[in-house]
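Please look over the structure below before reading the briefing. The briefing covers the overall make-up first and then individual parts.

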Amino acid sequence: MMRTLDTPVLVVGTGIAGLKASLALADSYKVIVTTKRNVGVSSSDWAQGGISCVMDPGDSFEAHIEDTLSTGSGLCDEEAVQAIIEGGPNGIRELEKLGVAFERNGAHENDYDLGREGGHSHRRVLHAGDITGHEIISQLIRATLAHPNITLLERVMAIDLVTTGWLKHPGTNSCIGAYFLDERTREVFAVRARHTVLATGGACKVYQYTSNPDVATGDGIAMAWRAGLPVKNLEMVQFHPTALFHRKAKSFLISEAIRGEGGVLLNHQGERFVENLIRVNRWLRGYVAGRSTTPIKQTGAHCVYLDITHKSEAFLREGSRIFISAVWNLESIWPRNRIPVVPAAHYFCGEWRRR
Ligand SMILES: Cc1cc2nc3c(=O)[nH]c(=O)nc-3n(C[C@H](O)[C@H](O)[C@H](O)COP(=O)(O)OP(=O)(O)OC[C@H]3O[C@@H](n4cnc5c(N)ncnc54)[C@H](O)[C@@H]3O)c2cc1C
């Protein structure tokens, strides 16, 4: 007979969404939280740059909302934009209470070291060095493991939701848990739950090149769809302009900080194909990524190149960890500091919706 675990709340996924939901719900309920690899494997853990949030007294929600709507080219859900932006500072304080240390440049409550990224009219990116996601996930894992109401199950893959719709009683289709496959034992088991939270992340692995880890296969979106829920915005995928191109190795993200420090994109003949550097740096990822596909499509080249040869080795060594991992680890393989890159699927905006 199939083993069945019972719990008030089942959470599938241990990225920032799954862990944060587990911790919030665990104050009132027993929670089982599951993940198909080890707990630390997620896009959340790989996030680098930081979180945009209005924390500077000179900034305002209105300015952040306006920046978001204007870069959203008329496609944003304005209510969602407003709710997310206005909820930002509380979210940051909650993460801080859990131990997340965002970088600061003074002792005052609001003295954060705020970065500025494309599309923003103010400095508003909170970060923890260039490993913001790892810092957040490490603290969330620590709090999860310490919480008496949370049971963590690793390396168990959710296969499908269990729904009462199969009983064919009109109007009574509800989710009562999920089936899982245990990677180590090959056992299939069920978790029966009053509430199920799907926090399985995006689906960027459907693309040939992606900055995401292997777990980003859209499992939760597919499960929700099979259970009869509507899905939306699956075509909205943000591409990052500079992921490493290598015939054998997996792509990984090469930070936009390299372009920020003067790196330029060149086609395979060594020519620039996007406008002058300063403007490009301010332009949005999607735009630059789109422009990068042009020389690739026109010539059949496998990639374009990110060139930072004008910088000295000393400068790069003094720079962030990202320069070192992106440039020096590749040095032995490619001509100095000219990095083969391709646009890669980075951020998946699609989601399933409650009816
Ligand atoms: C390289 C990189 C850099 C980024 N930088 C930034 C940044 O600077 N700022 C920013 O705001 N965003 C950034 N992002 C985006 C951000 O990381 C994601 O939007 C966010 O982390 C998504 O969180 P999540 O919890 O929804 O999903 P994820 O973090 O992807 O977590 C999904 C979880 O679900 C689990 N899972 C999936 N399928 C199953 C299944 N069938 N059964 C069980 N478990 C399953 C996975 O193992 C994982 O634990 C970056 C992303 C990447 C990849």
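Two residues are in contact if their C-beta atoms, placed from the backbone, lie within 7 Å. Among contacts in the protein between residues at least 6 apart in sequence, 69% join residues at least 24 apart. This is a predicted model: local features need pLDDT of at least 70, side-chain atom pairs count only at pLDDT 80 or more, and totals for chains, interfaces and linings use all residues. Residues are numbered from 1 along each chain as its sequence is written.

**Overall make-up**
- The protein has eleven helices and 14 strands; helices (H or I, at least four residues) and strands (E, at least two) are DSSP runs, numbered from the N terminus.
- Of its 355 residues, 35% count as buried, where buried means that 20 or more other C-beta atoms lie within 10 Å of the residue's own, with C-beta atoms placed from the backbone.

**Strand 2 and its neighbours**
- Strand 2 (residues 31-34) is covered on both faces: Val31 and Val33 on one side, and Ile32 and Thr34 on the other, are all buried.
- In a regular strand the side chains alternate between the two faces of the sheet.
- Strand 2 runs parallel to strand 1 (residues 4-12), and four bridges join the two; two strands pair if DSSP finds at least two bridges between them.
- Val33 of strand 2 has Val11 opposite it, and Val33 also stands opposite Leu152 in strand 5.
- Strand 5 (residues 150-153) runs parallel to strand 2, joined by four bridges.
- Strand 1, helix 1 (residues 16-26) and strand 2 form a right-handed β-α-β unit: with the strands pointing away from the viewer, the path from the first strand over the helix to the second runs clockwise.

**Helix 6**
- Asp219, Gly220, Ile221, Met223 and Ala224 are buried in helix 6 (residues 219-226).
- The buried residues of helix 6 pack against strand 1, strand 6 (156-163), strand 8 (188-198), strand 9 (231-232) and strand 14 (351-352).

- Strand 11 and strand 12 (residues 304-307) run antiparallel and are joined by three bridges; Val264 has Asp307 in strand 12 as its bridge partner.

Methods: Buried ≥ 20, exposed ≤ 12 C-beta atoms within 10 Å, placed from the backbone.
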